[in-house]
Amino acid sequence: MKITKEYIENLMSQSEFQVTKMFDKTTVVACRLPNGFTIVESAGCIDPANYDIDLGVCICKKRIENRLYELEGYKAHQPQEVL
């Protein structure tokens, strides 16, 4: 199986996301994949005056996307009988 950008984007589009602002300067994004597996990422800033939740969500989603590439790549290298 080839892991393509389109494949990862499709996984992301089928996933459910919950966003939480914590302590006035941290964004936490939880992603539940279609199979029920959950990935959680966070992003924060030093000064609450500079906090931007949209930027935090963007950073977290990019990190989740990168984790999906790693996880799917690992899965693709497993013999079929292990899955």
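Guide: By class, the lining of the largest pocket has 8 nonpolar, 1 polar and 2 charged residues. Here Ala, Val, Leu, Ile, Met, Phe, Trp, Tyr, Cys and Pro count as nonpolar, Asp, Glu, Lys and Arg as charged, and the others, Gly among them, as polar. The model is predicted: local features need pLDDT of at least 70, side-chain atom pairs count only at pLDDT 80 or more, and totals for chains, interfaces and linings use all residues. Numbering runs from 1 along each chain as its sequence is written, and side-chain values use heavy atoms, without hydrogens and water.

The lining residues are Tyr7, Leu11, Leu33, Pro34, Asn35, Phe37, Leu68, Leu71, Glu72, Tyr74 and Lys75. Helix H1 (5–13) and helix H2 (53–76) are the elements that give two or more residues to this lining. H2 gives the most, with 5 residues. Helices are DSSP runs of H or I, at least four residues, and strands are runs of E, at least two, numbered from the N terminus.

The space in this pocket is about 240 Å³. A pocket is an open set of points on a 1 Å grid over the protein atoms alone, where a 1.4 Å probe fits, with protein on both sides within 12 Å along at least five of seven lines; lining residues have an atom within 4 Å of a point. Points are joined across faces, edges and corners, and the volume is the space filled by probe spheres set on them.

Now the strands. E1 (residues 16–22) and E2 (residues 26–32) run antiparallel, joined by 7 bridges. Strands pair if DSSP finds at least two bridges between them. Val19 has Val29 in E2 as its bridge partner.
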